Amino acid sequence: MASNTAIKVSNLTHTVTSNTGDLTILKGINMQIQESESVAIVGSSGSGKSTLLGLLAGLDVNTSGDIQLYDQIFSKQTEEERALARGQYVGFVFQSFHLLPSLQAIENVMLPAELKGDKDARKKAEVLLEKVGLSHRLTHYPNQLSGGEQQRVAIARAFASNPKILFADEPTGNLDEENGNLVIKLLFDLNQSQGTTLVMVTHDNDLAKMCDRQLVMSAGQLTEKAL
Amino acid sequence: MSFTFRLMLRDLRSGDLLTLLLALVISVGTVTSIGLFIDRLQLSFEQESANLLAADRLVRSDDAIPMNWKEEATAQSLQYAERTSFTTMMFANNALQLSQLSAVSDAYPLKGAYLVDDELFGTGYGLAETPKPGKVWVSSRLASLLNIKLGDQVEVGDATLVVSKYLVRDPGSSTSAFAISPRAVMNMADLAATNVIIPGSRVRYSLLLAGERSNLDDYEQWIVPQLKEGERWRTPTQQGDRIGDTIGRAESFLLLAGTLAVIMSGVAMALASSRFVKRHLMQVAILKTLGATPKLLGRVFFQQLFALFVVGAGIGLGVGWAIQELIASLLSGLMSTALPEPSVGRLWLGAATGLISMLVFCFPLMAHLIKISPLSVLQPNAKIELNTFVIYLIGFVGMYGLMCIYTKGFLLPSIMTAAIAGIALLVAAIGWVAFKLGRSLTSGATSGWQIGLASLYRRLVPNLFQLLVFTLIIMLTLILVGVKSSLIADWQQQLPEDAPNHYLFNVQANQIGPINEKTEQLGVAKSDWYPMVRGRVTIANDVTIESMYPDGRGEPELYDRELNLTWSDTLGKGNELVEGDFTAEGLSVEQRAAKEAGLKMGDILTINIGGNLVTLPITSIRTVDWGSMQPNFYLILPKSALEDYPANFVSSVFVSPEEAQPFYQVMAEFPTVSILNVGDVLKQVQTIIGQLSKAIQLVLFCILSAGALVLLASVRSTLEERLEEGALLRVLGARAALVRQALLVEFGALGFFAGLIAAIGAETCLYGLQVFVFNAEASFHPLLWLLGPLIGVLVIATIGIFASRTVLKVPPMLLLRDL
């Protein structure tokens, strides 16, 4: 793989077992994402966007085919190895924020660095929270923050481990327009300033248009949308 | 500070770990406090009984005590003393009297003290020493029979001894019933000089031992296998049936209480663990997305649990220790003697309970937690399935194991486990039918009834589980209350304050009038007089007893010795007719003795009375309350069968401490009458029963408090869903009263059914416990059937409403954001 390829997917198929029998969600997907690229995955509800995102990030194991993140081939790894790879390469921003309710904003942001055993976790977290404009909210708990603030904390957390790739699942899905715009701006600014690859699942066409590329998910197949 | 502990501190702040810690503290604390307290009570009983035995343990032999027994005692760091008892003639002032003489070594008694007096018929003072060589202590009766006083000389065989005290009570002989000869005690050093013990003499040699329990146990292990015929090992609890019985039952109760505490602890741990895991599922998934490996998470949780165990068990042990100290100090005002100190060595029980509870309830859930897929973060609504069957199974087996360790047996744990399994089935069946019925009878959401009943069915599985927890806790409470009440009532009924404490034997017919007159003057209460003739059953239904039991082994009590026979026209006090006609011309047999000998109505017994054979059919069977302390008889014959034989009469009297001295003085006028004082034993039993009753009530209180905490924990564990629903209802415009009513209906119904099923379970368990564990008669407990549902509705609804009060007060917006 060329040094500037961040993600390479070949012949990816994924089948899940449900009450009504086996259901193939992803059917023979091939794609590549280059380093520092921003890519939007769009498509209707239930088309398999989030499943693809989960597999790309190594949160689940695909049924067949290969997913390669830099030098990591997820399908050949144990959960232990995939977790290490996530810690090393990947950052996440979720639709429902997923901050740990028992931790303060600063502690949530410190987590990825702490997991790596970084001694400067607190200082780095303070800097990141300042970047997202929340230096006055360090010791607030998630339930004391608004939705927009929670998502900004989540973005700060996502960048805390200096990820090479940032996965975002409907990052503005639970936010109003004003907060949504603020979050998007932050996401792209940080993406550019840190040279991160951005892979985003979204319903929002405007947001998708801001990305370098758009991939359309439909009935388990992925096609490139012409810009 | 490591990541584990930083995470742990943050978890502590949020309260999740705190719930788990609290459950562990309750678990360890309850078991520790009850375990230690039971231990102290047991030690105390042992000490009190040891006073009656004059030692912690005793070996009795018909031959002189071998030297190696004493050497082994020394080797095991045990103290020992010797007592040699025999019946011999004593001479003084040309009078002679058969007496029961003990020669004791200087260390005697190892426990308790002699009661002696310097005045004839005095009530005595304690003296923890033995007669000096050359001296003898004689009972007041012996002194009056021989007409001697302090300072006089008596001859025992070839030796002459000087009377230095009047003996009131010998600490080691108070229960050797029917040793009717008057007593005396001398120093062992003078024994050889008497020359009264010759080969073939009937002598009882005793080696008395005292020391640490473990050393005594080692000694027992060493000596019991080598005991021959005529040699017996005795412990205080074997001392006399009454004390043994009473303590045995109390120990069974306390053990039961402890076992129930173990179950409650288990339930508390299971609830707290499952709450912890539920609340951490998403956290673990998020941590995994952030790069936490299963190995790291495993290590983090293991370290957290370990730290939690160390802290929780530490606090639990401390709290447990403090609680049992508190119980003991509350009891100290009520008890006649101070409780012995608790042994630190017993603390392991509480720690082990905590550890095993964590292993069986926490670890399997944690193992599951670590396996959760990180994908859950993208599918927040996807159900996270726990393999609950395996987890319950592990918990169930663990709990059974814990109970087995705790009770050192399988019977009680098996009864309890079977009961819990049965209850689980019953809960599933009744709950399912009732909740479904409730749902089908209501639809809509216009009243609290409809909403409450609907949510019972909607959350069927969690509600059934909660119903099971409620049922278990209420059932355990009912069982304890039931056992406690029947035990205490049974004891108090057994031993009224004025139970007779002396027997009068060997009374001739012409002495009855004068004795009646004297006792009436003194105001001493006395039972009826019973004529007594000695006889032995020799043939039962044409088969001789000798051919039935050639070696005497396994012989029922009715056949193994000469019995006291009596006649009477009326059933005595404490006797109840079970079958037949008491006035018929035949034998009336005591029920237990008849059962043991396999006898029934119409069977024919031949009794040898002074060489004459009397053959009669059994015409009635009766029960006897042996605790009544009235003269009681296995066999009562018709008057016609006995009236021609010379009879002695027997009666029992109650002599209060103030009446004792005048009573003994009066009875000295009847030197041939034998008096047996059982008052000391009775008093001991009464003291023990009094202490036990109070102790049991306190233990019960402790368990109930722990039970209430577990109930609260259980309600809290399902609170979030209820709060969410309540908040939604309020957002939709429901008045607080409607929400309250719905909660009341839901918790009230859960409480009612829990109480009802608990009553069924408790009644069944009580039957099993009464019959198999306490060896008592089974009885029906109507109160439980009222108490169960009542406690259920009141307590559960109160706790439920109390725990959910936030939903009624806090603005719904805040609640929804918190959830």
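**View 1. B:Val156 sits in strand β7 of chain B, residues 153–156.** Strands here are DSSP runs (E, at least two residues) and helices are DSSP runs too (H or I, at least four), both numbered from the N terminus. This is a predicted model, where local features need pLDDT of at least 70, side-chain atom pairs count only at pLDDT 80 or more, and totals for chains, interfaces and linings use all residues. Residues are numbered from 1 along each chain as its sequence is written, chains are lettered from A and ligands numbered from 1 in the order in which they are written, and side-chain values use heavy atoms, with hydrogens and water left out. B:Val156 has a relative accessible area of 0%, so it counts as buried (under 20% relative accessible area; exposed is over 50%, partly exposed in between; 1.4 Å probe, protein chains only). Leaving aside residues up to four places away in sequence, B:Val156 touches B:Thr88, B:Met90, B:Leu101, B:Leu161, B:Thr194 and B:Val196 (contact means heavy atoms within 4.5 Å). B:Val196 is 40 residues from B:Val156 in sequence, yet their C-alphas are 7.7 Å apart.

**View 2. Helix α12 of chain B, residues 448–458, is largely enclosed by the rest of the structure.** That's because eight of its 11 residues are buried. Among them are B:Gly448, B:Ile451, B:Leu453 and B:Leu456.

**View 3. A:Asp169 belongs to strand β7 of chain A, residues 165–169.** A:Asp169 is buried but has no salt bridge; A:Lys49, the nearest side chain of opposite charge, is 7.3 Å off. For charges, Lys and Arg are positive, Asp and Glu negative, with His and the chain ends not counted. A salt bridge needs a side-chain nitrogen of Lys or Arg within 4 Å of a carboxyl oxygen of Asp or Glu. What A:Asp169 does have is a side-chain polar contact with the side chain of A:Ser50, at 3.4 Å (a pair of N or O atoms within 3.5 Å; within protein, one must be able to donate a hydrogen and the other to accept it, and residues adjacent in sequence count only if both atoms are side-chain atoms). Beyond four places in sequence, its touching residues include A:Leu53, A:Phe94 and, from the other chain, B:Leu378.

View 4. Three salt bridges link the two chains. One of the pairs bridged is A:Glu107 and B:Arg10, at 3.7 Å, N to O.
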